[in-house]
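Please work through each task with the structure in view before reading the solution.

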Amino acid sequence: MNHTEKRLYLIRELLHENSQYESIEIPTNPQQKQLLLRALMNVRMPHAISSDFQAVQDDYLQENAQSKGVVSSTDFPDGISIWQGDITRLGTDAIVNAANEGLTGCYIPNHSCIDNTIHTFAGIELRNECADIMEKQGSQKKLLLLRSQVLTTYQVNTLSILLDQW
């Protein structure tokens, strides 16, 4: 499968998961297809995915990451660094995500928050893993450390501070 075919496969699989989506037409424009895929990934509740879906998704996301260019942690001085830019390009040991209170990602389609961005470009299994950890903890915790599947070894989710609640 080429990159375009992978995107179409992922869209069709996600549309097929939910009968509410049966009337959604797949756009012909590549950018609109990308937005539809992201939206479907954003609104998907945590639950298992097939190994075929996982493999295609991981290949697709890796190809996207490589096309944007990876910023390696070796590009930074030793120790902890602060970097401004597209966090989904970082190939590092860990990133910190200012997460929502459920710590399972933003569910607003194509929202521009960092939580949504990380969950979109890390893939569906990140939300699934977050949900599994939260369920095992038994309540909503303020910190969640987990392995990410794309470029970063670990993602640290911590509850973001809402300034209007101070």
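Contact here means heavy atoms within 4.5 Å. The model is a predicted one, in which local features need pLDDT of at least 70, side-chain atom pairs count only at pLDDT 80 or more, and totals for chains, interfaces and linings use all residues. Residues are numbered from 1 along each chain as its sequence is written, and side-chain values use heavy atoms, with hydrogens and water left out.

**Exercise 1. The overall layout**

Task: State how many helices and strands the protein has, and in which pattern they follow along the sequence.

Solution. Helices (H or I, at least four residues) and strands (E, at least two) are taken as DSSP runs and numbered from the N terminus. On this basis the protein has 5 helices and 5 strands. Read along the sequence, their pattern is α-α-α-β-β-β-α-α-β-β. Of the contacts with a separation of 6 or more, 60% join residues 24 or more positions apart. Next comes burial: buried means under 20% relative accessible area, exposed over 50%, and partly exposed in between (1.4 Å probe, protein chains only). Buried residues make up 39% of the 166 residues.

**Exercise 2. Leu14 and the nonpolar cores**

Task: Determine which residues Leu14 touches, leaving out those up to four places away in sequence, and describe the largest nonpolar core.

Solution. Beyond that sequence limit, Leu14 touches Tyr21, Leu37, Leu40, Met41, Arg44, Phe53 and Ile124. A nonpolar core is a set of buried Ala, Val, Leu, Ile, Met, Phe, Trp, Tyr and Cys residues joined through side-chain atoms within 4.5 Å. The largest such core has 15 residues, and Leu14 is listed among those with the most contacts inside it, together with Leu10, Ile11, Leu37, Leu40, Phe53 and Ile124. Helix 1, helix 2 (30-43) and helix 3 are the elements that give two or more residues to this core. A second, separate core of 9 residues includes Val71, Ile87, Ile95 and Cys130.

**Exercise 3. Helix 1 against helices 2 and 3**

Task: Characterise the crossing of helix 1 with helix 2 and with helix 3.

Solution. Axes are lines fitted to C-alpha atoms, for helices over the stretch in contact, and angles run from 0 to 180 degrees between N-to-C directions. Angles under 35 degrees count as roughly parallel, over 145 as roughly antiparallel, 65 to 115 as roughly perpendicular and the rest as oblique.

Step 1. The axes of helix 1 and helix 2 come within 10 Å and cross at roughly 40 degrees, which makes the pair oblique. Arg7, Leu10, Ile11, Leu14 and Leu15 of helix 1 form the contact with Pro30, Lys33, Gln34, Leu36, Leu37, Leu40 and Met41 of helix 2. By class (Ala, Val, Leu, Ile, Met, Phe, Trp, Tyr, Cys and Pro nonpolar; Asp, Glu, Lys and Arg charged; the others, Gly among them, polar), this contact divides into 9 nonpolar, 1 polar and 2 charged residues.

Step 2. Helix 1 (residues 3-17) and helix 3 (residues 51-68) pack at about 135 degrees with their axes 10 Å apart, so helix 1 is oblique to helix 3. Their contact has 6 nonpolar, 3 polar and 6 charged residues.

Step 3. Lys6 is found in helix 1. With 9% relative accessibility, Lys6 counts as buried. Apart from neighbours within four places in sequence, Lys6 is in contact with Met1, Val56, Asp59, Tyr60 and Glu63.

**Exercise 4. Helix 4 and its surroundings**

Solution. Arg38, Met41 and Asn42 in helix 2 meet Asn116, Thr117, Thr120 and Phe121 in helix 4. These residues comprise 2 nonpolar, 4 polar and 1 charged.

Just after helix 4, Gly123 takes a positive phi of about 100 degrees.

Asn110 lies in the loop between strand 3 (94-99) and helix 4 (114-122). Although not a glycine, Asn110 has a positive phi of about 60 degrees. Its relative accessibility of 30% makes Asn110 partly exposed.
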